[in-house]
Each structure stands twice: as C-alpha cells, then as structure tokens.
Amino acid sequence: MKQIDLLLTGIGSLYTPEGTQPRYGEEMGRIRETTGAAVAIEQGRIALAGKEDEVIATLAGIHIAETIDAGGRMVTPGLVDPHTHLVHAGSREHELAMKRSGVPYLDILAQGGGILSTVKSTRTASEQELYDKAGRSLDEMLLQGVTTIEAKSGYGLSLETELKQLRVSRRLHDTHPVDVVSTFMGAHAVPEEYKGRSDDFVDLVIRDMLPAVAEEGLAEFCDVFCEEGVFNVEQSRRILEEGKRFGLQPKIHADEIVPLGGSDLAGEVGAVSAEHLLTTTDQGLSSLAAGNVVPVLLPGTSFNLGLSHHARARDMIDKFRLPVALSTDYNPGSCPTESIQLIIMLASLNLKMTPEEILTACTLNAAAAIGRAGDIGSIEPGKRADLTIFDAPNLAYLPYHFGINHTFGVIKNGTPVAWNRTLTEKGGIAR
C-alpha cells in the first residue's frame, strides 16, 4: 500500500457475507459482523477491513489522504439490484383499477395493455427523454443504497427501439455512479404487429436483433419471458441458445404465472439466473440446483399484484440449497418501485427470510446473478470499495422499521457519492 485514499472509521457494526461465489442454502445466513470497525480504501478498492484499532495499526507510516467518520452507523456492502426494467417511457397507473378489480395480468396484456402499453410510449420517446427518466430512477436507487443494477431492454420489441434502450443503459453506465449491467430482452412480449405470429417474431429476434446487439456490444445477457400466452419453452430455448452463440449469457423470466417449465429450461441451458419463480415446482427447483442457477426473487411484484402466494424462498434455501437473490423488479407495470428497502421488508414478511439471508441475497448472491461476485457483493480486500452506510443499529432493524429510507451514505468505487441522505457533487446523473 503506497497510500490510503480514504479511511472510513467509526463504524458501529460492519456486516458482510464473504467470498467470490454465491452462498448456498444455510450458508446464506453466515454473515461476518465486526463491531468498532474501519475500512481502508486504495484506488477504488478495499485494502483493509476489520477492527478499527487493528486497521489503524496496520496503516502506521502510510499516508492517509482522507478520513471519514461513520458516526457509529452500520455499514454493509453496496446493495445490488439484479433485475430491473430501468429504461422505459410512460407509466401505467391507469391499469390500477383493472388490477384491483381482479383482471388477470395476462388478460390486460392480451387487451394491448401491460407491456404493450409501455412499448408504445417507449417507441415514441427520444433517447434523451429515456436517459433523463431512467437517470432520475438511478438517483433514487443510489439514495436507497444501491451501487450496481441490471437493466433489461424489452419495451421496444423492434430492432430500433431495443437498440435505443440498450444504448441509454450504456450511456447511464458511463455517466452515473451506479454501475449498469445490460440485458437484452427483445422477447419480453409479442408486439401487436406480430399478434398470432409469435414464431415469426422469434425469428425476427434471432435473425435481426441478436446480431445487432452483439455487434455493438450492448449487452452481456439475454433474457426471455417464458410464460403462457407469451413465449413457450421451445421458443425460449431457441432464443437463449442463439444468444449464447452471440456471447450473451442466458437469463430467464420463469414460472411467474404458470409453471410452464421455464425453471427446467434454465437448468438445461445453463442460465446464470432464473427470475420470478412464483409457481415453480419441485422438479423446477431441482433443475435450478443441478444447473447452479441463481434464483432471483421479486417479492415486490407479488405484493403489488395482490397475490396470495409468494416464491418458495424457504424451500429454495432449506430443501434445495439454492443461492437466493432479491431484486426490486423495478418496472412501470407490475412493480413500479425503486425501493430495495421495501423489498427487504417484504422478503422478511412474505418470504420468511432472516436478516442475514436478506443481506446475502441483496449483495453477494445478487452480484452472482449478474456475474459480478468476484468483484462486488462483500467487504473484503481486493474487491471494489462499494459501501452503504445505514442509520440503523443492526441488520434486523432494516425490515423491522419499514417505510422509510435508512441509508445515510453511499461510497462507490471509494468515492462518497451520497452523504447525509443527499447526493454529493459526484453523485447522481450527469445532465
């Protein structure tokens, strides 16, 4: 260590999972807690983390450029949101009455609402309009303690607009403190112009969209909505396998409404993650386990849709030893919220997860769901210095005291980008 750029002292309790791989089953509850801690940061990465007196003793004789006192607050790894539909235009509050009166989601979609409604708005929006709207949401996510997100396309359903969405995601990644990992999801729904011709649309995705996305290097992952009335298992398989040929790792929206077999497909094609999983069978969960697939659960979606059933998180953790991750599913329809802390509460309330499991699911396992567990998701030497400082005495306080934002500050790549609940001059969107 030639110089420490930032020393964070006065940490009441530091909580972190450990390792560079996802934590499975009961391992999710194993969190390292250090009271009276400090973290030393060098060139955007963690140099030391541990008891404050031991860290300071190790740094004897080394120049420390800046010291910040956390004021006895709690510190965790920067939170990771591995499933969002960040870039879109418009909103869908006009559908709320239909949802509350019991109209099923797939029926709204069949009537040209749902995803198709947002497609119309996104196709007509300019790239700058999409950038500004998504940037405001990223600001909110950052203030919630999130330092890395995944952003899916899928509100274009045409070559031009899918590329537009992904270009906006790339621009946001380049200009905003929050890292944005892009997923191509041209197969999010069948557009109205292809109604009744879903196979023809799948051909379009494979023939035109995938090559163009790969040529511009706009995405790392390829996702598909494998669901009744959307894309069946064989159509989903075709898209994901072709995506692999273009270097895009597979992800899949699976078993959200009907257990169609998407989770089985995820295991078969070697998907990095399978997402939603509200109706997954034991066979599907076994397939995920056999394929080392990360299940990404979205409790905000089932909550907002008023469903009485939820993803089987306890079975996933206890019976199938799966590495569960959590995410907001931020989107304009089924889950219009940027609040990862709402998800933390719902994971405790409806998924029956412990505070320790929830932290792992929002950090290391969430990082694994987007291929980043080796670089982020825990507070350990060598990893990126992404830290969230909470005004909370312990982990259990986050789901316990719900409905407020507990985040006091955020450090991203060793730089304070939010402090005292406000974005710093280095935080937020570059406008």
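Contact here means heavy atoms within 4.5 Å. The model is predicted: local features need pLDDT of at least 70, side-chain atom pairs count only at pLDDT 80 or more, and totals for chains, interfaces and linings use all residues. Residues are numbered from 1 along each chain as its sequence is written, and side-chain values use heavy atoms, without hydrogens or water.

View 1. His83 sits in the loop between strand S8 (79-81) and helix H2 (96-100). Helices (H or I, at least four residues) and strands (E, at least two) are DSSP runs, numbered from the N terminus. His83 is buried, at 0% relative accessible area; buried means under 20%, with a 1.4 Å probe and protein chains only. Beyond four places in sequence, His83 touches residues including Glu150, Lys152, His253, Glu275 and Asp329.

**View 2. The His83–His85 pair.** His85 lies in the loop between S8 and H2. A 3.3 Å polar contact joins the side chains of His83 and His85. Such a contact is a pair of N or O atoms within 3.5 Å; within protein, one must be able to donate a hydrogen and the other to accept it, and residues adjacent in sequence count only if both atoms are side-chain atoms. His85 is buried too, with a relative accessible area of 3%.

View 3. An unreviewed UniProt entry lists His83, His85, His253 and Asp329 under "binding site". They span 247 residues in sequence, yet no two of their C-alpha atoms are more than 12.3 Å apart, so they gather at one spot.

**View 4. Helix H9.** In H9 (residues 262-269), 7 of 8 residues are buried. Their cover includes strand S12 (249-254) and helix H10 (282-290). Gly270 follows H9, with a positive phi near 70 degrees.

Terms used: Buried means under 20% relative accessible area, exposed over 50%, partly exposed in between (1.4 Å probe, protein chains only). UniProt positions are given in the numbering used here, feature names are shortened, and annotations may be inferred rather than shown by experiment.
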